Amino acid sequence: MSGKSVRLRRIFKSDGKSVVAALDHGQFQGPIPGIVDIGNTIREVVKGKPDAMILNPGVLVKYSDLLPGDVGIILRITGASTNYSPVFDYHRLTTSVEHALALGADAVIAMCFIGGNGESASLEIVAKTAEQCYKYGVPLFVEVLVQDQNKFVDANYIATGARAVFEMGADAVKTYYTGADTFREITNAVPVPVLIAGGPKDMDALDMAKQAINCGAKGVAFGRNVFQAANVAEYVRELVDCVHGR
Ligand code: 5RP
């Protein structure tokens with residue numbers, strides 16, 4: 001068994017699925033509602049027993065004592081652009097796979113922007129990070145985002161982006177759900193787990209999660225729908241029931 005598969009088992013459960021709480025928004029969006037006191041957010045999320053969390057390096061260092069050993073840690077290793085950036089720019093590499101291991105991460109996540117001026121550079125970051133991930137036995141998650149906001153959930157863009165990052169070495173893909181008519185084709189063409197992001201807080205996000213699972217998604221990596229829920233712990237429990245079918 002490779003280092004990657006040992007670590008992937010800390011994130012994907014025996015049914016091959018995962019509920020990931022994405023708590024990495026502060027790096028791009030600042031202290032938005034739900035993560036102003038990120039320590040408290042982590043405490044509430046942990047009560048709901050997710051399979052893993054996405055965290056930024058500073059948060060992992062500061063709050064490592066709040067993290068139970070059975071919740072996988074996926075470290076965000078790209079960024080360097082906030083909502084105040086004059087352009088919706090692609091994300092640069094902000095730390096290394098080696099540093100992620102030193103901080104105790106089980107996996108890393110890189111953003112990949114498709115369809116914009118930064119596409120080549122973004123794909124190059126994925127490819128080079130994949131090489132480092134093989135070297136250290138660390139699973140690579142890639143979040144595929146369409147740079148053109150008008151095409152954010154365009155199935156053609158997402159299908160191409162998801163397939164491209166798989167071919168470069170991604171072990172899992174996180175992206176937006178494109179709808180019941182198209183998402184099955186995307187998961188069929190990507191032979192690694194595909195997780196869906198949640199987007200802005202939405203009463204129907206649990207229903208979207210169910211639909212995505214029916215279309216072959218292997219779970220969710222939800223942020224705002226988790227940490228902006230009225231009862232964060234309860235919402236995580238509902239996601240766990242939905243994804244793992246309990
Ligand atoms: C932060 C991110 C999140 O990890 C991801 O988009 C999921 O968050 P949400 O469910 O809130 O869309 O990249 O910007």
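Colleague: How many residues of strand E3 (residues 72–76) are buried?

Modeller: Five of its five residues are buried, so E3 is mostly covered. Buried means under 20% relative accessible area, with a 1.4 Å probe and protein chains only. Strands are DSSP runs of E, at least two residues, and helices are runs of H or I, at least four, numbered from the N terminus. This is a predicted model: local features need pLDDT of at least 70, side-chain atom pairs need 80 or more, and totals for chains, interfaces and linings use all residues. Numbering starts at 1 along each chain as its sequence is written, and side-chain values use heavy atoms, without hydrogens and water.

Colleague: Which residues lie on each side of E3?

Modeller: In a regular strand the side chains alternate between the two faces of the sheet. Gly72, Ile74 and Arg76 are on one side of E3, Ile73 and Leu75 on the other. Both faces are covered.

Colleague: Which strand do four bridges join to E3?

Modeller: Strands pair if DSSP finds at least two bridges between them. Strand E2 (residues 52–55) is joined to E3 by four bridges, and the two run parallel. Ile54 has Ile74 as its bridge partner in E3.

Colleague: What does the radius of gyration say about the protein?

Modeller: The globule rule is 2.2 Å times the number of residues to the power 0.38, over C-alpha atoms. For 246 residues, a compact globule would be near 18 Å; the protein has 16 Å, which agrees. The C-alpha trace spans about 45 × 40 × 40 Å along its principal axes.

Colleague: What percentage of the 246 residues count as buried?

Modeller: The figure is 54%. The protein has 11 helices and 10 strands.

Key
Buried means under 20% relative accessible area, exposed over 50%, partly exposed in between (1.4 Å probe, protein chains only).
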